[in-house]
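Biologist: I'm new to this one. Could you put it on screen and talk me through it?

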Amino acid sequence: MSRFFAASSESESDTEVSEDEIPLKAQPVPTYVVSDEEEDEKRVVKSAKEKRYEEMQETIRQMRNHKKIKDVTNVLKSFEELMPAYNKALPVIQKEDNGVTPRFFLRALAELEDFVNELWELGNEYRKNSMSKNNAKSLATLRQKLKKALKEFEVDLQKFRDTADLEDEEPERAKDQNKSSDALHYNMNNRERGRAIIFNHKEFSSALDHLPIRDGTEIDRDTLDTHLSKLGFSVSSYNDPTLKEIKKELKKVSEEDHSNRDTLMIVVLTHGGTESLWAQDTSYSPELLWSNFYDHNCPTLAKKPRLFFIQACQGSKLDQGAPVTLTDSTAFYRIPSHLDFVVCSATMPGFLSYRHPNKGSIFIQTLCRVLEARYRDTHLLEMLTIVNRIVAFEFTSKSLLYPKYHNKKQMPNICSSLTRQVFFSEKKNDF
């Protein structure tokens with residue numbers, strides 16, 4: 001597969017599309033034996049400890065996720081939940097652990113103290129210009145409350161920091177460490193499938209009078225919405241967004257907590273230019289779409305598949321169906337050099353793609369039909385290969401009004417740095 005991905009001026013031909021049919025193809029529960037009232041009491045005390053510790057650990061897990069994306073407001077909320085949870089656990093700690101503060105709790109406090117200090121030391125200029133007003137206010141409140149709370153654990157925290165390299169008895173951490181790096185499939189069994197964002201462009205600014213109306217794009221948008229919703233995605237569509245609106249939405253989504261989501265999908269339906277795509281008012285580099293979601297910009301999507309689909313021409317060449325050799329001189333977009341990305345384009349670099357004004361584009365419509373037919377037993381890259389085969393072998397453009405665009409071919413392009421297979425395992429309300 002190509003290391004690069006390109007798009008160029010899209011003048012998608014309004015053409016007939018053939019209606020091709022796609023071949024369809026526990027953990028064991030512990031048992032308690034209660035012999036008398038004393039044994040029953042012991043069992044209840046143990047269950048209380050497990051319950052209290054799990055409550056604290058879940059709050060700590062959420063707090064860590066909020067820290068990853070510097071959501072200080074929610075870090076503060078988690079901290080305000082953690083301290084009452086600890087106080088509720090105190091009787092159990094005193095009875096079963098001889099009053100010794102759990103290491104996982106001390107580690108969480110130490111990590112939080114470091115987090116707050118690092119942000120605070122960046123200074124007023126950083127808080128004013130790089131943090132939202134709510135986050136800046138929450139940081140000041142959190143710093144004050146944390147400082148007060150840490151006085152109670154001053155001695156324990158110092159002992160912990162002296163031995164901080166020791167492991168905690170924390171199931172969440174142990175579970176993560178035991179996950180095999182050789183897993184064949186991505187984990188697609190989180191609570192949510194994930195966000196799917198569709199930037200749909202039909203009409204453009206009057207200043208861009210060289211860009212024609214993209215009739216039929218609303219059919220692609222609606223078909224995507226229907227099929228991605230059935231796959232469990234939370235779909236948001238934006239019609240004719242400006243570049244500012246695209247940047248704002250991408251930034252907002254990258255700052256969300258994706259910890260309980262399987263994946264992310266971004267779809268763009270628009271005209272293209274040399275090394276660019278078109279917003280409603282101007283062009284932009286496609287790298288804008290995925291750069292917000294690199295691991296360091298969106299930590300809660302790390303090690304999760306990030307999927308990008310672009311319906312746009314990649315040039316003005318017409319594919320006659322003859323073998324094509326792509327040279328280094330071809331204009332390409334550089335796709336993500338990071339792991340766990342896939343970028344799929346409607347056509348090969350330098351060539352036109354085709355869209356019917358009443359049926360939508362051949363690429364998007366075929367993609368949705370393959371997803372619906374094969375998602376239960378076929379992984380994503382295999383489904384995309386099926387899309388390639390159908391579009392390449394079974395589609396030929398029909399444009400009698402414009403003979404130049406008649407009887408031409410199209411070949412989608414897949415660029416992948418996925419390290420595992422993506423299966424859209426069924427979730428509730430799936431079709």
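Predicted model: local features only at pLDDT ≥ 70, side-chain atom pairs only at ≥ 80, totals over all residues.

Biologist: Okay, back to the strands. Which residue of β11 does Phe308 stand opposite?

Modeller: Phe308 stands opposite Val343. β11 also has four bridges to strand β14 (residues 413–416), and that pair runs antiparallel. There, Cys344 stands opposite Ile414.

Biologist: How many residues of strand β11 are buried?

Modeller: Five of the five residues of β11 (residues 341–345) are buried, so the strand is largely enclosed by the rest of the structure. Buried means under 20% relative accessible area, exposed over 50%, and partly exposed in between (1.4 Å probe, protein chains only).

Biologist: And which residues sit on which side of β11?

Modeller: Phe341, Val343 and Ser345 are on one side, with Val342 and Cys344 on the other, and both faces are covered. In a regular strand the side chains alternate between the two faces of the sheet.

Biologist: What about Asp340, is it buried or exposed?

Modeller: Asp340 is buried, with a relative accessible area of 5%. Its place is in the loop between β10 (333–334) and β11. Asp340 also has a positive phi of about 75°, although it is not a glycine.

Biologist: Which other residue has a positive phi although it is not a glycine?

Modeller: Asn98, at about 55°. Asn98 is in the loop between α2 and α3, and at 71% relative accessibility it counts as exposed.

Biologist: New topic: aromatics. How many aromatic pairs does the structure hold?

Modeller: There are 10 aromatic pairs. Rings of Phe, Tyr and Trp (its six-membered ring) pair if their centres lie within 6.5 Å; planes under 30 degrees apart count as stacked, over 60 as edge-to-face and the rest as tilted. In one of the pairs, Tyr86 and Phe105 have ring centres 4.4 Å apart and planes at 10°, so that pair is stacked.

Biologist: Where do Tyr86 and Phe105 lie?

Modeller: Tyr86 lies in helix α2 (residues 72–96) and Phe105 in helix α3 (residues 103–121), so the pair ties together parts that are 19 residues apart in sequence. Tyr86 counts as buried at 4% relative accessibility, and Phe105 counts as buried at 0%.

Biologist: What does Tyr86 form with Phe153?

Modeller: An edge-to-face aromatic pair, 5.2 Å centre to centre with 75° between the planes. Phe153 is in the loop between α5 (133–150) and α6 (154–162) while Tyr86 is in helix α2, so this pair ties together parts 67 residues apart in sequence. Phe153 is buried, and so is Tyr86.

Biologist: Which residues do ring pairs link into a cluster?

Modeller: Trp290, Phe293, Tyr294, Phe308 and Phe341.

Biologist: Let's switch to the open sheet of three strands. What's its order?

Modeller: The order is β6-β7-β8, with antiparallel pairing. β6 (272–273) and β8 (283–284) are at the edges with a single partner strand each, so one side of each is left without a neighbour in the sheet. Two bridges join β7 (residues 276–278) to β8, where Leu277 stands opposite Tyr284.

Biologist: Zooming out, how many helices and strands does the chain have?

Modeller: It has 12 helices and 14 strands. Of the chain's 431 residues, 49% count as buried.

How values were computed: Residues numbered from 1 in each chain as written. Heavy atoms only, no water. Pairing = 2+ DSSP bridges.
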